[in-house]
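Biologist: Please take one part of this model and go through it closely. Start from a helix, then work out to the strands.

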Amino acid sequence: GFDGVKRAVNKLHAAGLAVGLHTYAFYLAKESKWVSPVPDPRLGKHKMFTLANDLDDKDATVRVKESTKGMSTITGFLIANSVTIQIDNELIIFSEIETNAPYAFTKCTRGALGTKPAVHAKGTNVSQLRELFGLFNPDGDSTLFDEVARRTAEVYNDCGFDMIYLDAIDGAGALMGNHTPGYYQAKFIFELNKHLKKPALMEMSSFDSHFWFARSRMGAWDVPSKSYKMFINNHYIDNLTYAKSFLPRNIGWWAIWDWTPKDGMRMFPDDIEYILCKSLASGDSLSWIECFTPESYATSASQRRFAKLIKQYEELRLSNNFSESTKQRLREIGQDYTLEQTGSDGW
């Protein structure tokens, strides 16, 4: 619970570290209190139908009056589609769709996601929930949208966090349609900031002129699993354009792969040293994910080897150890360098 989170935050603060709260913006987990055991009526709805006949609590077919043509049962992390419908306080997951009259959702799982199967009367509203990233979202024009922002601020305030990363806010188009994402992104960020008791180091997975004032850093990309140096080059060049915003920049997120990613390639020392040189040359910070857990560090010789490199480079970057002429050379795209110690103190 939150007491445990507070203890962890306090330990990190005692070690001299700032602590970040990484969220999925306004998206709602399917086990959250707004979904289960009673779904909130303010959940985002995509398509609306009307129950064509009375429905008992065991029927596996839900017949509706309106056409279901164009609907799909294909879902996925990046697919804005849901196979969950809401009738009163029950959620139902359908497996197939009858797209010819009489229209219906078939092979249904009743009382899905912890809700209870119930009897529903003919003429009752049948709502397809909005979904993306495997998560539901609130209606962007409802009080639930603001409530999620305020609740996020409460967690930040109560647990003593220093940073907020609003992941998935780039999926705001799933709220009400792709023509309005910037409006809902800004609306959520405005509401969140209104309730923070102290300013947050804030970054998010989208950037729009409507919320430039809330952003503290630029440059977080998702981690690659192949073509590392090409990816680093693209990221580094992109960061040069971010410099015009006068914001601190980040070359992240980054991982250390041994043989773990599906269809991925192992990282080698020259891959790691290449990104470290670009960070050293530019002053851009680095973010590391999916690595350096106590378990992985204990079992991976690569992680232990690369951790020493990362620590050394980061200390040199923060101490501004190298001259501008050296940094200029390190900025060259496609050029590999390695760090060598020239004496007891020199590098």
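Modeller: Helix H2 lies across strands S1 and S11. The helix runs at about 155° to S1. Angles here go from 0 to 180 degrees between N-to-C directions, with axes fitted to C-alpha atoms, for helices over the stretch in contact. Helices (H or I, at least four residues) and strands (E, at least two) are DSSP runs, numbered from the N terminus. This is a predicted model: local features need pLDDT of at least 70, side-chain atom pairs count only at pLDDT 80 or more, and totals for chains, interfaces and linings use all residues. Numbering starts from 1 along each chain as its sequence is written, and side-chain values use heavy atoms, without hydrogens or water.

The sheet under discussion comes next. S1 and S11 belong to an open sheet of three strands. The order is S1-S11-S12, and the pairing is parallel. Two strands pair if DSSP finds at least two bridges between them. S1 covers residues 20–23 and S12 covers 201–204. These two strands stand at the edges. Each has a single partner strand, so one side of S1 and one side of S12 are left without a neighbour in the sheet. From one strand to the next, the twist averages 15°.

Look at the S11 to S12 step. S11 spans residues 163–166. Four bridges link S11 to S12, in the parallel sense. Tyr165 has its bridge partner in S12, and that partner is Glu203.

Now back to the helix. Helix H2, residues 143–159, also packs with helix H1, residues 2–14. Two packed helices are described by the angle between their axes and the distance between the axes. For H1 and H2 the angle is about 55°. The axes of H1 and H2 are 9 Å apart. H1 brings Phe2, Val5, Lys6 and Val9 to the contact (heavy atoms within 4.5 Å). H2 answers with Arg151, Val155, Asp158 and Cys159. So much for the helix pair.

Four strands form an open sheet in the order S2-S8-S4-S5. Its pairing is antiparallel, whereas the pairing in S1-S11-S12 is parallel. S2, residues 45–50, stands at one edge, and S5, residues 90–93, stands at the other. Each of these edge strands has a single partner strand, so one side of each is left without a neighbour in the sheet. The twist of this sheet averages 30° from one strand to the next.

S2 and S8 run antiparallel, joined by four bridges. S8 spans residues 125–129. Within S8, Asn125 is the residue that stands opposite Thr50.

S4, residues 84–87, is joined to S5 by four bridges. The S4 and S5 strands run antiparallel. Ile85 stands opposite Ile92 in S5. S4 and S5 also form a hairpin, with two residues between them. Asp88 sits in the turn of that hairpin. The phi of Asp88 is positive, at about 55°.

To recap, H2 lies across S1 and S11, and H2 also packs with H1.
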